Amino acid sequence: MLPLLVRLLRRIRPREGWLILLLCMMAVLCLPASLLLVGWVQWSGVLVWLALLAMLVGIVLARLPFPAWLSGLLAAIFGLEATVGLVGRTLPPLRLVLDELAYAFFWIWRLAGGRLKALPFQALVNDAGRRLGSFGARLWWWTQGVARGGAQQDNLVFLFFVALLVWASSSWAAWWLYRRQRALVALVPTGILLAVNVFFAGEGESWLLLFLGCLTALLVAVRLNSLERRWAAAGADYSYEIRLDVFMVGTLLTAAVIGMSVAVPSITSRHTVEWFWRHFSKPWEMVDETAQRMFPKLERPVKAPAPGSGGLPRSHLLGGRPELSTQVALRVWVDEPPPEQGGEQHYWRSRTYAIYNGRGWDVEELESLARGAGEPWSEELMAGRRELLQRVQVVGVPGRVLYAAGEPLAPDRPYRALLRDAEDLVALEAVQRAKEYTILSVVPAISEATLRGAGEAYPDWVLERYLQLPSLPERVTELAQQLATGTETPYDRAQALESYLRTIPYTLDIEQPPEERDVVDYFLFDLRHGYCDYYATAMVVLARSVGLPARLAVGYASGSYDEEEGFYEVMEKQAHSWVEVYFPRYGWIPFEPTAARGTFERRGGSELSAEQATGLDERLRELRGPRGLRWTWAWLLGCSMAVVAMVGVGAWVAWRRRLEAGLDVVQR
């Protein structure tokens, strides 16, 4: 049986070889696989079969002696038919096709008798026409909605356009590779679409790495194949053993490309990022607004641009309605009772912002501090805190940021602490994207009376950074002073500002603030309504105007507690911004100025004692335990095996060449 299979494979073997076909197929399938991983819409699995069919059509057209324009036209026609049939679901069911075939047979058999009056395949044509008409109507109504500026979401239409792109890139790749042997030109469209998908979705980087590896190996394999064909045509004699050397070089190049692809993105320049968004923020907003208009309710993970262009934290939402997706973002388990049994509700913070520029918040130059699993980023703990252990399941949130309540200390996996300086944490990021992690935090456990007695002996680094303000309209400063009049302590001033802002109506429908206006001034005196980013930004500015060090925090609100499963389920629509005010000895304390949400409850008397601090160390050691150790050994084992394999292959090649050194030319 095996020899028969070998002979069959040799008979149908393409002249370019099986390796090139396999590499091309893997590279082409990376795009539908990444789309399937993200799961923009249902039924995305059909894209895999569509890509394979497009590749087959591209290879057949490359073999036929058609000019390039005719091959492209035929590929477009076949692609439209296949996409409408498979994605638009206009193909009739198989059972109906078989019934019509059987009916046609009997119709021909009894044609002379005239007993069968209906024409064969009539039911098949009617069914196909009905399905095609239904799909055409959906396209028509969607097009009309886009033209009017308010399209109704139709996931099938979205999938149809994505399928057309997959077909075009796959057939293009196969034709260019098998007609012109141009691997780079063949796979550039697939690579661009794959990169765009990863950027918007915030995940799927592994498929992009696999694509880069396949592309590098394919470049080497195609080059060797073209050289061998050229040598054979010229009648030149060459050894097939050259393939081993090329294979080794290709393997090393592929490994180098993948390694650089992993390492280089982590070596970024904030100046480059800020320059990019300074010049491309407007085109980004246009693309985002167009996508929102064409597919307004598409369930998708959101990849927001960096707010270096001077916007609010979700700068692409400034002046528009936030994406109130019902998609689950996080599920969080905590080691304390639920709210109904006396537990607290917490916000899940991702990062903080410090520099307000009049239009929003700037991205800053940050330090990166690498830490292992269970290693705290700082040994110093503020007073008035208690520990909180959380297990977080990441469902629909892109990126590597680690969400946690209060002030996070350490997760159960290697991470980077992003710092403004040694004492000022911005965010924690996992070294590798994690679908689930456990993280230890300390959260405020302090009463209002204690906060009122905190005083105003602020550290120098707090005063230098968190009282920063641009040139403000005079009426903003006057309002802050007016609200603070009559208050005795910093905590009372913060409460007065919070209470005032909570009187402003909450709404999601807002107009674009004028470009020449300060956002806070426009919100407080003209707009007079808004959502969380506006409330929180306004309170930070007012607080700094009266000498209160404050910063903006972003992340998610508590979510809804599932009593049966025992976790908080956090939706995308619960993305939130709030305020943190600094108090001497006690650190950053949260405040909630947004009118649509309740204020924070101040509970005292449960802060960490000396014994509990010792227990905190035990918990941190537990986070360093089996999980972190297992991953460390896995990486060491994998790297060791790779090194041993490379050394072994290199030793074998050296030994072979040493044996050949004593041979003459003919023997070699």
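Asp421 stands opposite Asp424 in strand S7, in a predicted model. Strand S6 (residues 415-421) and S7 pair in the antiparallel sense over six bridges, and the two strands form a hairpin with two residues between them. Two strands count as paired if DSSP finds at least two bridges between them. Helices (H or I, at least four residues) and strands (E, at least two) are DSSP runs, numbered from the N terminus. Residues are numbered from 1 along each chain as its sequence is written, and side-chain values use heavy atoms, with hydrogens and water left out. Local features need pLDDT of at least 70 and side-chain atom pairs count only at pLDDT 80 or more, while totals for chains, interfaces and linings use all residues.

**Overall composition**

- The protein chain holds 19 helices and 13 strands.
- Of its 668 residues, 44% count as buried; buried means under 20% relative accessible area, exposed over 50%, and partly exposed in between (1.4 Å probe, protein chains only).
- Among contacts (heavy atoms within 4.5 Å) in the protein chain with a separation of 6 or more, 76% are between residues 24 or more positions apart.

**Strands and sheet**

- Strand S7 (residues 424-430) has six of its seven residues buried, so this strand is largely enclosed by the rest of the structure.
- An open sheet is formed by six strands in the order S5-S8-S4-S1-S11-S10, with antiparallel pairing.
- Strand S5 (407-411) and strand S10 (560-562) stand at the edges of this sheet with a single partner strand each, so one side of each is left without a neighbour in the sheet.
- From one strand to the next, the twist averages 35 degrees.
- Within the sheet order, S4 and S1 are listed side by side; strand S1 (residues 328-334) runs antiparallel to strand S4 (residues 385-394), and five bridges join them.
- Leu330 has Val394 in S4 as its bridge partner.
- Strands of a sheet pair through backbone hydrogen bonds, either parallel or antiparallel.

- Helix H4 (residues 68-86) has 19 residues and reaches 26 Å from its first C-alpha to its last, close to the 27 Å expected at 1.5 Å a residue; the expected span is 1.5 Å times one less than the number of residues.
- Ser71, Ala75, Gly79, Ala82, Thr83, Val84 and Gly85 are the buried residues of H4.
- The axes of H4 and helix H7 (residues 155-180) come within 10 Å and cross at roughly 145 degrees; axes are lines fitted to C-alpha atoms, for helices over the stretch in contact, and angles run from 0 to 180 degrees between N-to-C directions.
- The H4 and H7 crossing is right-handed; a crossing is left-handed if the near helix is turned anticlockwise from the far one by less than a right angle, and right-handed if clockwise.
- On the H4 side, the residues that meet H7 include Ala68, Ser71, Ala75, Phe78 and Gly79; on the H7 side, they include Phe160, Ala163, Leu164, Trp167 and Ser171.

**Buried residues**

- Glu364 lies in the loop between strand S2 (348-353) and strand S3 (367-371), and is buried at a relative accessible area of 8%.
- The side chains of Glu364 and Arg420 are joined by a polar contact of 2.8 Å; such a contact is a pair of N or O atoms within 3.5 Å, where within protein one must be able to donate a hydrogen and the other to accept it, and residues adjacent in sequence count only if both atoms are side-chain atoms.
- Cys214, in helix H9 (residues 205-234), is buried with a relative accessible area of 4%.
- Leaving aside neighbours within four places in sequence, Cys214 is in contact with Leu23, Met26 and Ala27.
- Cys214 and Thr254 are 40 residues apart in sequence and 7.8 Å apart in space, C-alpha to C-alpha.
- Gly587 lies in strand S13 and counts as buried at 2% relative accessibility.
- Gly587 is in contact with Met382, Arg385, Val581 and Tyr582, leaving aside its neighbours within four places in sequence.
- Gly587 and Glu407 are 180 residues apart in sequence and 9.6 Å apart in space, C-alpha to C-alpha.

**Positive phi in loops**

- Arg528, in the loop between helix H16 (519-527) and helix H17 (532-545), has a phi near 60 degrees, a positive value in a residue other than glycine.
- Arg528 counts as partly exposed at 31% relative accessibility.
- Arg585, in the loop between strand S12 (575-583) and strand S13 (587-591), has a positive phi near 75 degrees and counts as exposed at 55% relative accessibility.
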